[in-house]
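Please look over the model with these notes beside it.

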Amino acid sequence: PNTNSQGENKMDVQIFQDKNSLGKAAASCGAQYIRDAIKKNGHANIIVATGASQFEMLSALTKEADIDWGKVNIFHLDEYIGLPEVPQNIRERFIAPLPQKPASFHPVNGSDPDPEHACEVLGKEIAACPIDVAFVGIGENGHLAFNDPPADFETEKAYLVIGIAGVGDEHLEILGNIVASLEDEELLETLKKNADVDTIMKTFG
């Protein structure tokens, strides 16, 4: 990582012309960290996310050469609870296109009737595999995964259940519509330019 004159880590900000070149560059950088970890430890442990911002990077990463995926343990960053299969399905987006089966894959089980227990189980699994590379996106408001500000910086839990809607099931249809819309780039551009309440309600309501 880059450091300043005081030896503190600092963020390396790079700007690209489009998301495809950004995705390829991120994949290339991360792929080298994976190769280095395998060379040093005999294996690599990584985290991947499946938000829309990750699509190009995930696609490019599956095409990176000279990675022994049979020595890579893959953890999933986050998932919706109680929703049907979504466009960001990690298995379809990343696991299936890999040239070989990974050493292990640890998905977030969003269908578990006890999500707290699912988080606890996955937390124990990731605790046994110190992460070498994390491929994640930081949202415009600083959120990481579903963990929007203000966040609990004191917790030592690897996985948390984050509430993003009201109690009950009436919100699931709206959430499903939102998730299904994330692949529609034209719709997303329209919402960016016309983010009024009526437009949003007609789109997702």
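**Notes on the model**

1. Start with the aromatic residues. Trp69 and Phe94 are both buried (buried means under 20% relative accessible area, exposed over 50%, partly exposed in between, with a 1.4 Å probe and protein chains only). The count of aromatic pairs comes to one. Rings of Phe, Tyr and Trp (its six-membered ring) pair if their centres lie within 6.5 Å; planes under 30 degrees apart count as stacked, over 60 as edge-to-face and the rest as tilted. Trp69 and Phe94 form an edge-to-face pair, at 5.8 Å centre to centre with 80° between the planes. Trp69 lies in the loop between H2 and strand E2 (72-76) and Phe94 in helix H3 (residues 90-95), so the pair ties together parts 25 residues apart in sequence.

2. On the basis of the values: this is a predicted model, in which local features need pLDDT of at least 70 and side-chain atom pairs count only at pLDDT 80 or more, while totals for chains, interfaces and linings use all residues. Residues are numbered from 1 along each chain as its sequence is written, and side-chain values use heavy atoms, with hydrogens and water left out.

3. Overall layout. The protein has seven helices and four strands (DSSP runs numbered from the N terminus, helices being H or I of at least four residues and strands E of at least two). From the N terminus the elements run α-β-α-β-α-β-α-β-α-α-α. Of the 205 residues, 31% are buried. Among contacts between residues at least 6 apart in sequence, 76% join residues at least 24 apart (contact means heavy atoms within 4.5 Å).

4. How do the axes of H1 and H2 cross? Helix H1 (residues 19-41) and helix H2 (residues 55-62) have axes that come within 7 Å and cross at roughly 50°. Axes are lines fitted to C-alpha atoms, for helices over the stretch in contact, and angles run from 0 to 180 degrees between N-to-C directions. H1 and H2 are therefore oblique to each other (under 35 degrees is roughly parallel, over 145 roughly antiparallel, 65 to 115 roughly perpendicular, the rest oblique). The H1 side of the contact includes Lys19, Gly23, Ala27, Ala31 and Ile34, and the H2 side is Glu56, Met57, Ala60 and Leu61.

5. H2 is mostly covered, with seven of its eight residues buried. They are Phe55, Glu56, Met57, Leu58, Ala60, Leu61 and Thr62. The cover includes H1, strand E1 (44-48), H3 and strand E4 (133-135).

6. Ala31 sits in helix H1. At 0% relative accessibility, Ala31 counts as buried. Leaving aside neighbours within four places in sequence, Ala31 is in contact with Leu61, Glu64, Ile67 and Phe135.

7. Check the backbone at Asp66. Most residues other than glycine have a negative phi. Asp66 is not a glycine, yet has a positive phi of about 60°. Asp66 is in the loop between H2 and E2. At 73% relative accessibility, Asp66 counts as exposed.

8. Tyr159 lies in the loop between E4 and helix H5 (172-181). Is Tyr159 buried or exposed? At 9% relative accessibility, Tyr159 counts as buried. Not counting residues up to four places away in sequence, Tyr159 touches Phe75, His76, Leu77, Val108, Cys119, Leu122, Gly123 and Ile126.
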